[in-house]
Amino acid sequence: MKNVFCRTPLWEASKTLAAVAQGLTPAELVVKNATLINVCTGELQPHTDVACAAGRIAYVGPDASHCIGPETQVVDAGEAYLSPGLLDGHIHIESSMMPPRNFARAVLPRGTVGVYYDPHEICNILGPKGVSFMMEDAAATPLKAMLTMPSCVPAVPGFEDTCGLVGPEDVRQFMEDGRTVALGEMMNDPGVLSGADGPHAILAETGKAGRTITGHYAMADLDRGLNGYIASGVRSCHESTRPEEALAKMRLGMYAMLREGSGWRDLHEVARAVTEHQVDSRFALLVTDDAHPQTLRAEGHVDRLLRRAVAEGIDPVAAVQMVTINCAQCFQMDHDLGSVTPGKCADLVLFTDLKDFVVQKVFIDGNLVAEDGHLTIDIPEASYPDFVRSTIHLDPIKAEDFLYPAPSQTIQKVRAIGVVPGKALTREYIAALTPRNGYLESDPVQDVLKAVVFERHNRTGTCGRGFVHGFGITSGAMASTVAHDAHNLLVLGTNDADMAFAANTLIESQGGMCVVRDGKVLGHIPLPLAGVMGERSPAEMADLAHQLGLAWKEIGCILPAPFMTMALLSLACIPELRLTNRGLVDCRTFQMTDVCL
């Protein structure tokens, strides 16, 4: 597969690189006296020099003095640790609440040189033109933004309403673009296993293009089902929440993406697949899946994954392999990326140590892009088109739109969505509610909140009503147009007046997230770009996210990253219960179900 993510193709640079390696032509960049993290052999090699030209590595060895000419940039590493550039093997950039160019501003200083991104959030909202928008915005940055084409839009046909639609022909067309390196997560695992024509046609188009198929296997069957899913061509999965799941996938040759996002913190458990078993970790990757702006600022991106992996007992060199060469091999791109070896792209990171992984310098294609936590290059500002900025098609919402008629005047048992702190999974929670004036209402004493999802793309007027448990909210309401995967308007709350006020706040701002109490906005992140991304700088977005987090706490929330947890209440492809604009979905049976028992 042709790699458009290196400054110069290897075939074009081969003569130059061979000459530089022998000292016949001077290098553009020489890094001296580094401690090389050799991800090919798992070694640490002290006193190593690296010489680069044409955006690629020409020489790796004990002394690159012969490669230095009068114009060569020489960097003395001072025995700092030299790593290949860091790669995130699975992320939805939209989860950062920023478009690609601002996301790049946030992650480049952290050592991230490339991301394998699946923009199925914006694709559900705007269809393939939303994917093209992300590609073009990313092209304005040096970040290697490698598209994994959304495969399941809508994620669960018939259970929710989106504006976007992706079929086999769309996948075929995007596979012809060199910036597309894989198929995004194939969430329709039941369709794959049942032999449905739709998902298999999409897999076929990916296979014919020679691209990697990334997966999403959240089913309990680790025997026949998992074998069948992998046999269909799926190469990776990021949905393991237990060590036995990750281990089963690695044993079958699937890349187990060990996830540690802002909201979905699975590494503490799934790291045990490596730390408690004598297994080769070559089929393990570290990925974020989601990374909201406050996490990026306060904790980092892939560098955060390295710190967390080491804290969980994973060997530091093995951890670096999981975000470099393992990732590149998963996507069949290790001929260009993932190691500090001759011929590869000169994507380099200097770390102070192998515990805190403080980033000193970041090079992409041999160019310094960040140093000591700051960008050293300019990324141009953008002016975004109207089709991305006007996507909330809803009239003002009234308090009575949240009424839920009780089927009788006796105590009513209801199925509530039980959230699990720090996890994407939910549980079925049975609550007993006493009707008031003929309606079922929130009951903060039982930690049960009313929830409503309004379709916001096509003015269908549909909405789904239900209940959730586990947020700990005692007063007020929350609303979000980040509601995976259809991204309709989701509202939770203790009372109808605040719920309506929160909903209308987001209609007015053309999307976002907000917290309201007693008719007052306590926290609000405007997200006018497709209703899922904002235009402000990474620092400003992090500040807004911080304020929103404080607002959640003020109204009693007990969850980590609660707005991330809230955003998945509509994700009808992961067990157990979810709420869409069409109603309550039982994701164990993939059937609509009644709220009232």
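**Notebook: strands, crossovers and cis bonds**

The model is predicted, so I note its limits: local features need pLDDT of at least 70, side-chain atom pairs count only at pLDDT 80 or more, and totals for chains, interfaces and linings use all residues. Residues are numbered from 1 along each chain as its sequence is written, and side-chain values use heavy atoms, with hydrogens and water left out.

My terms come next. Helices (H or I, at least four residues) and strands (E, at least two) are DSSP runs, numbered from the N terminus. Two strands pair if DSSP finds at least two bridges between them.

**Entry 1: the hairpins**

I looked up how β2 (residues 43–53) sits between its partners. Seven bridges tie β2 to β1 (residues 29–38), and the two run antiparallel. One pair I noted is Val31 with Val50 of β2. β1 and β2 make a hairpin with four residues between them. Gly42 in that turn has a positive phi of about 75°.

β2 is also joined to β3 (residues 56–61), antiparallel, by five bridges. This hairpin has two residues between the strands. Ala54 there takes a positive phi near 55°.

**Entry 2: the parallel sheet**

In which order do the strands of the parallel open sheet run? I read β6-β7-β8-β9-β10-β11-β12-β13, eight strands. β6 (86–91) and β13 (284–287) are at the edges with a single partner strand each, so one side of each has no neighbour in the sheet. The twist from one strand to the next averages 30°. For angles, axes are lines fitted to C-alpha atoms, for helices over the stretch in contact, and values run from 0 to 180 degrees between N-to-C directions.

β10 (residues 212–215) and β11 (residues 234–237) run parallel and share three bridges. Thr214 is paired with Ser236 of β11. Gly215 is paired with Cys237 of β11. Cys237 also has a partner in β12, namely Ala256. β11 and β12 (residues 255–259) are parallel, with two bridges.

What hand do the crossovers have here? β10, helix α8 (residues 224–231) and β11 make a right-handed β-α-β unit. From β11 the chain crosses through helix α9 (residues 243–251) to β12, and this crossover is right-handed. Right-handed means that, with the strands pointing away from the viewer, the path from the first strand over the helix to the second runs clockwise.

**Entry 3: α5 against α7**

I checked this helix pair. The axes of α5 (residues 168–175) and α7 (residues 197–208) come within 9 Å and cross at roughly 15°. That makes α5 roughly parallel to α7, a label for angles under 35 degrees. The crossing is right-handed: the near helix is turned clockwise from the far one by less than a right angle.

On the α5 side I listed Pro168, Val171, Arg172 and Met175. They meet Gly198, Ala201, Ile202, Glu205 and Thr206 in α7. Contact means heavy atoms within 4.5 Å. By class, the contact has five nonpolar, two polar and two charged residues. Nonpolar covers Ala, Val, Leu, Ile, Met, Phe, Trp, Tyr, Cys and Pro; charged covers Asp, Glu, Lys and Arg; the others, Gly among them, are polar.

**Entry 4: the mixed sheet**

I moved on to a second open sheet of eight strands. Its order is β19-β18-β21-β20-β23-β22-β24-β25, with mixed pairing. β19 (426–433) and β25 (520–526) are the edge strands, each pairing on one side only. Neighbouring strands are turned by 25° against each other on average, direction ignored.

Helix α17 (residues 496–508) packs on this sheet.

Where are the cis bonds? One joins Val153 and Pro154, with omega about 0°. Pro154 is in the loop between β8 (144–149) and α5. Another runs from His484 to Asp485, with omega near -10°. Asp485 is in the loop between β22 and β23.

I also logged Asp289. Asp289 is not a glycine, yet has a positive phi of about 70°. Asp289 lies in the loop between β13 and α12 (293–298).

Technical notes:
Angles under 35 degrees count as roughly parallel, over 145 as roughly antiparallel, 65 to 115 as roughly perpendicular and the rest as oblique.
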